[in-house]
Amino acid sequence: MKYFFINLVLSLFFLLPNWSLKIFSRKNSALIRNNYLDHQTEVFLKLIDVFGYKLDTDNFNNIERIRSNNARMSLNINKKPNSRISLKDVHLNDNKTIFMREYEPEKIKTEKALLFFHGGGYVLGSVETHHNFVASMSLSLGMRIYSLEYSLSPENKFPIALGDARKAYLKITEKYDSKKILLCGDSAGAHLAAALSFDLSELNIPSPLAQVLIYPMVCPSLNYES
């Protein structure tokens with residue numbers, strides 16, 4: 001019932017014209033790099049701050065992770081794919097906890113493939129939380145995408161997730177030449193993509209064609225604006 005109400009509010013919110021949202025946002029929107037924050041984005045961030053799941057970081061465990069992931073998936077904020085797409089899970093270990101979900105759109109437009117890593121600070125997120133996003137991206141690009149369910153912290157310390165990423169990449173190279181593979185991720189997933197690129201270089205393993213890093217977490221000092 002809770003998420004029915006929240007999703008109803010969000011549905012109505014997305015129907016509102018941008019000009020009407022100025023009533024609910026500040027007169028002078030936040031200025032970021034000489035650009036004002038979009039009113040819809042500003043109000044949306046306020047709504048998520050109110051309705052979003054409050055993670056209990058002091059008592060974090062796997063149950064808390066599951067609650068957080070379920071809360072994310074209960075919100076209708078990700079566009080659902082409107083076309084057919086084939087799915088197949090490719091397992092990378094014996095107990096089937098580490099796997100890649102292969103997304104194959106009905107119309108393939110390129111021979112390249114993309115290996116995707118979800119975000120979540122290395123402690124949250126999953127293939128499921130990013131399913132709609134990855135499926136929509138696969139359909140839009142007309143490209144096969146492999147979304148990795150890698151090991152999460154704090155149960156799995158570094159470099160376990162990096163090892164999972166390397167294993168996934170090598171599995172894909174059984175089917176694709178390295179110069180036809182792209183790496184992509186958001187936030188911590190973008191860091192994992194960048195770390196994998198460095199790792200492959202250090203091990204003299206053929207590098208992928210490119211990496212697409214979405215708001216990557218790549219500076220430990222956190223001194224940069226982004």
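Me: Which residues in helix 4 are buried?

Reply: This is a predicted model. In helix 4, the buried residues are H131, V134, A135, M137, S138 and L139.

Me: Why would residues three or four places apart in a helix point the same way?

Reply: An α-helix has 3.6 residues a turn, so residues at that spacing point the same way. With that in mind, look at where H131, V134, A135 and S138, among the buried residues of helix 4, sit in the structure.

Me: What covers the buried residues of helix 4?

Reply: The cover includes four strands: strand 3 (85–91), strand 4 (99–105), strand 5 (113–117) and strand 6 (144–149).

Me: Which residue with a positive phi follows helix 4?

Reply: That residue is G142, with phi near 65 degrees.

Me: What is the volume of the largest pocket?

Reply: The largest pocket has a volume of about 640 Å³. Its lining is made of 23 residues, and those closest to its centre are R72, I77, H130, D186 and Y215. Helix 3 (residues 62–74) gives the largest share of this lining, 4 residues. By type, the lining of the largest pocket has 10 nonpolar, 11 polar and 2 charged residues.

Me: How many residues line the second largest pocket, and which are the closest to its centre?

Reply: There are 13 lining residues in the second largest pocket, with M73, L75, N78, K80 and N132 the closest to its centre. Helix 3 and helix 4 (131–141) are the elements that each give two or more residues to this lining. The second largest pocket has a volume of about 160 Å³. Its lining divides into 3 nonpolar, 6 polar and 4 charged residues.

How values were computed
Residues are numbered from 1 along each chain as its sequence is written. This is a predicted model: local features need pLDDT of at least 70, side-chain atom pairs count only at pLDDT 80 or more; totals for chains, interfaces and linings use all residues. Side-chain values use heavy atoms; hydrogens and water are left out. On a 1 Å grid over the protein atoms alone, a cavity is a set of points where a 1.4 Å probe fits but cannot get out, and a pocket is an open set with protein on both sides within 12 Å along at least five of seven lines; lining residues have an atom within 4 Å of a point. Grid points are joined across faces, edges and corners, and a volume is the space filled by probe spheres set on the points. Ala, Val, Leu, Ile, Met, Phe, Trp, Tyr, Cys and Pro count as nonpolar, Asp, Glu, Lys and Arg as charged, and the others, Gly among them, as polar. Buried means under 20% relative accessible area, exposed over 50%, partly exposed in between (1.4 Å probe, protein chains only). Contact means heavy atoms within 4.5 Å.
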